[in-house]
Amino acid sequence: MNTLALGDIDHAISELDTLETIAERVLWLSTAVVHHANRVRPNPSGLKVGGHQASSASMVAIMTSLWFSQLQPGDRVSVKPHASPVLHSINYLLGELDEKYLTTLREFGGLQSYPSRSKDPDVVDYSTGSVGIGATAPIWGTMARRYVNAQLGAGGQGRQYSLVGDAELDEGAVWEAILDPAIAELGEVVWIVDLNRQSLDRVVPNIAARRLEAMFGAAGWQVITVDFGRQLESVFALPGGDALRQRIIAMENPEYQRLLRCDPNGIRQRLPGAGPDSGAIAGLIATLDDATLRAAIRNLGGHDLAALTAAYQQIDDTRPTVILAYTIKGYGLPTEGHPQNHSALLTDDEFAGLAMKLGMDTENPWHRFSPEGPTGKLCAATAARLRRDPVPTPVAPAVPTDIGRTPKGTSTTQAALGRLLLDLTREAPDVAKRVVTVSPDVSSTTNLAGWVNKVGVWSASERRNWFADDGQTLMHWNERPSGQHIELGIAETNLVGLIGELGATWSRWGEPLFPIGVLYDPFVERALEPWSFGIYAGGQSILIGTPSGVSLAAEGGAHQSIKTPSIGLEQPGCISYEPAFAIDVEWTLLASIARLGRPGGTSAYLRLSTRPVDQTAAAVPHDPAARERRRRQVVAGGYPLRRNDSAKVTIAAMGTMITEALAAADRLAQLGFAADVVCVTSPDLLFQAWQARQGRGSADSWILDQLFPVDRAHPMVTVLDGHPHTLAFLSNIQRVPLTALGVRTFGQAGGLDDVYRYHGIDTDSIVRAALDIAG
C-alpha cells in the first residue's frame, strides 16, 4: 500500500488550490472575451456577434488541468470549436497572446470564431469548427507524425489530444475514423469527451456514457470514465450513498439537468425520486446543509481537477484512449444547466454578479496573475515547460517540369498517373521519396499497383505478407513503417483527413511531404467538406478523382460524376485540372506537386478517366522550345490544339471529350465549315485569368491571348463530361455567342456511344451545335 507523508499531502492540496484559482480566472476571462464582443464592443450592423460562454465553461477544468499539469512540449491538442475562448484565455495567462486581442473575438483580423491554426494570433495546434473534422484531425496528425519519423526522422514524439463535445460524437466522420483498423495501434491518441449531455437545441435524452464506453472499447480503445468529483464521492460514502449513486446514474439526462435549476428545497423534493430507495436517499440528503447539497449535486468529475489529474495518470500509451468526463454545460455561470444555454449570453447584471463572485472587476477585466504569487509562478513554469523550438524552414526538393517522354499509342489519363509515379522513382528519387499516396481500398482499380509494388505499404508495424510466394498474386502487399502508400478502409472522409495532415508536415515539423489521395471521382463530393476544411486549416495535398464522368458508361448513374468539374473551379486554395492526354497528366501533376509543402502553396484536384484516347492526337511538338511552350500552356489552363485560318467556330473541349471535339472538327471541315479546337485543362485557372483581366484578381492572363485571341473571336461550342456551366464563362472572354454542351441529368448504363448520345455530348451533337450557332 502506497501512502503519502503529511508534507506531500499538504503540497498536493496547495497545488490543487493553485489550479482552482487558475481555473476560476480562465472561466472569468473566457466569459469576458465573449461578453466584450457582444455587450461592450460597438456593433453598428446590429447583427449578433455570438460566442459560446456555456460551452466554454464546461471545458474550463478539463483544459486547465491539461495545460497546467499534463501537457508536454511535443503534445498537440485539438480544442472543441466552441471552447476557443478558453484556449485564448489560457494562452493569454501563459504570455502567448497579447492583451489587445482579448477584445477582438469575431472581429475582422482578430480572434477567430473557432480555433484557427492559420488565422489566430496565438498558438493553435488544430483548426476546428467543422463538427467532427477537428476531433479526428489528431488521429491523422498521429499517422502523419509517425510517417515523417519513419521516412525522414524529424517528427518528434508526443501525445495527440482531442477535446470533443459529446454531441460531436453524432458525426459519422468520428466513427469512420475510430473504426479504421489502423487506428487501434496509435497509442499517442487521447480523446477527452466533454460529456455535458446537451446539444445546440436541447438536453439530449439518450447520451449514455455506458454505451459510449462499449463503442470505444469495441474499437480497441482504453476507456476511462471520470464521472463524479471528490465532494460527491464523499457523500456517496455516507449511509444511503450507494442508493444515491445508483439514482443519479439511472436518472435521465433531462431530469438531472432540471435538478441543476432547482433551489435546495426543490432538490430535496425531486432527488429522492419514487423508487424503493427514495427513503434512504431522502434521509441522506437531510443530513446535508443547503450549500453542501447544492454543491454536491453538481460536483461531476469533469469539473474536479484531482479526478481529472488521476485520469491522465491512467493513460495507456499502447493504444488510443478516451476519457469520458461528466460535465455541466455553463458550469459556474448563471446559465448553468439551462437547456437552451448553448448560445445564451450573460446579461450585464449577470456578468457583474459573476465578477463579484470571482473577485474580478468588470471595468478592468483582463488581469493576469502577479508573477510573485503561486499562480503566477505556475503560469510561468507552464509556459516554460510547453515552449517549443521554432519550426525549421521547409526545403522541398526541386520538382522536374517534364520527364521528357512523349506517350504513343492509346492510353488513359488514369494509367498515366501510375506511370508518372514510377517515373519519379527513377528520374527524381528525392521527389519520389516525399510522395505518399493514400486510397480508400481502391489502389488496384486506380492504376496504383505498380507504385505500391515499388514503394510498399505503410504500416505502424511490419506485417508478414502471406502471399509473397504466390506467383499468381500480382499486387504485392508488403506492409512496413517505411512504405509510401497508405491504404485506408472505404471511408473517403478518412482519406482527405489524412492527406490534409500529411500536407501540413512542412509547417508542423519543417519536413514537406507530397500527399496524393486517389478515390473514385463520384465520391469526391462525399469527401469535399472535410478536404476543404483541411485546405482551410493549412494542409496542402493533391486529390485525384478517377474514373470520372459518364465516360464510365457501363457503371451507370450511381458511379457517374457530373458536378465535380465545377467543384474544382469553385474550391478555394486549390487548382483543378482535367487533362485530356497522358502528357497533360504528367505536366499538370508535376506542377501540382511543385506547389505543395511550402508557404503560400496550394492544393490540387485532378479529374482523370479510364477512357482510352489516341495519344498521337495531342500533337506534342518535337522542337524543345515549342514543347516547353505547350507545357506552359497546359499548366496555365489550356492550349490551342487545332487552328484553321478560315475557322467560323471554336470548339473548346475538356478531358476525354477532346476525341469527339476533334472528330466533329474533321466532319465540319468536310462540310466546308472550318473550326478551331481548344483543349481546356483547367477552367479554374482560365476563370482566374479572366477575372484578373477585369481587374478582379492578380493571376496571369497571358494564357487567354493564346487560347482566345481577338482575331479568332468566333462563336463557341463548349463540351465536357460534366455540367455544362463549368465552361460557359469562356464565351465572355471575347463576348461571342455560346452553346454549352455537357451532362445535366443523372446518368445511364450503356455503351459509350449510347451514353454520350443520351447526354448530347457525342460528335453529332457537337456538329449540330456548331452549325446552329455559326451557320
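Tutor: Let's start with the term we'll need: a salt bridge is a side-chain nitrogen of Lys or Arg within 4 Å of a carboxyl oxygen of Asp or Glu. Keep in mind that this is a predicted model. By that rule, one salt bridge turns up across the interface of domain 1 and domain 3.

Student: What makes Arg463 and Glu185 a salt bridge?

Tutor: Their side chains meet at 2.4 Å, N to O. The cut-off is 4 Å for an Arg nitrogen and a Glu carboxyl oxygen, so the pair qualifies.

Student: How do you know how much area is buried between domain 1 and domain 3?

Tutor: Buried area is the accessible area that two parts lose on being put together, summed over both. For this pair, the loss is about 2,900 Å², with carbon and sulfur atoms giving 59% of it. On the domain 1 side, Arg117, Trp140 and Tyr147 supply 24% of the area buried against domain 3, more than any other three residues.

Student: What shows that domain 1 and domain 3 are in contact?

Tutor: Contact needs heavy atoms within 4.5 Å, and by that test 32 residues of domain 1 are in contact with 34 residues of domain 3. The elements that give two or more residues to the domain 1 side are helix H5 (133-152) and helix H6 (172-179). H5 gives the most, with 13 residues. By type, that side of domain 1 divides into 13 nonpolar, 10 polar and nine charged residues.

Student: Back to salt bridges, then: why does the pair Arg627 and Asp402 count as one?

Tutor: The closest N and O atoms are 2.8 Å apart, and the limit is 4 Å, so the pair passes. Arg627 lies in helix H25 (residues 624-636) and Asp402 in the loop between helix H16 (374-386) and strand E6 (410-411), so the bridge ties together parts that are 225 residues apart in sequence.

Student: What about Asp423 and Arg426, where do they lie?

Tutor: Both lie in helix H17 (residues 413-427), three residues apart, about one turn of the helix. Asp423 has a relative accessible area of 5% and is buried. Arg426, at 54%, is exposed, because exposed means over 50%.

Student: How do you know that Arg643 and Asp676 form a salt bridge, and how far apart are the closest N and O atoms?

Tutor: Those atoms are 3.7 Å apart. That is within 4 Å, so the pair counts. Arg643 is in the loop between strand E16 (638-642) and strand E17 (649-654), while Asp676 is in strand E18 (675-680), so the bridge joins parts 33 residues apart in sequence. Arg643 is partly exposed at 33%, and Asp676 is buried at 0%.

Student: Which residues does Asn644 touch?

Tutor: Leaving out residues up to four places away in sequence, Asn644 touches Ala674, Ala675, Asp676 and Arg712. Asn644 is in the loop between E16 and E17.

Student: And what makes the pairing of Asn644 with Ser646 a polar contact?

Tutor: Their side chains come to 2.8 Å.

Methods
Residues are numbered from 1 along each chain as its sequence is written. This is a predicted model: local features need pLDDT of at least 70, side-chain atom pairs count only at pLDDT 80 or more; totals for chains, interfaces and linings use all residues. Side-chain values use heavy atoms; hydrogens and water are left out. Helices (H or I, at least four residues) and strands (E, at least two) are DSSP runs, numbered from the N terminus. Buried means under 20% relative accessible area, exposed over 50%, partly exposed in between (1.4 Å probe, protein chains only). A polar contact is a pair of N or O atoms within 3.5 Å; within protein, one must be able to donate a hydrogen and the other to accept it, and residues adjacent in sequence count only if both atoms are side-chain atoms. Buried area is the accessible area (1.4 Å probe) that two parts lose on being put together, summed over both. Ala, Val, Leu, Ile, Met, Phe, Trp, Tyr, Cys and Pro count as nonpolar, Asp, Glu, Lys and Arg as charged, and the others, Gly among them, as polar.
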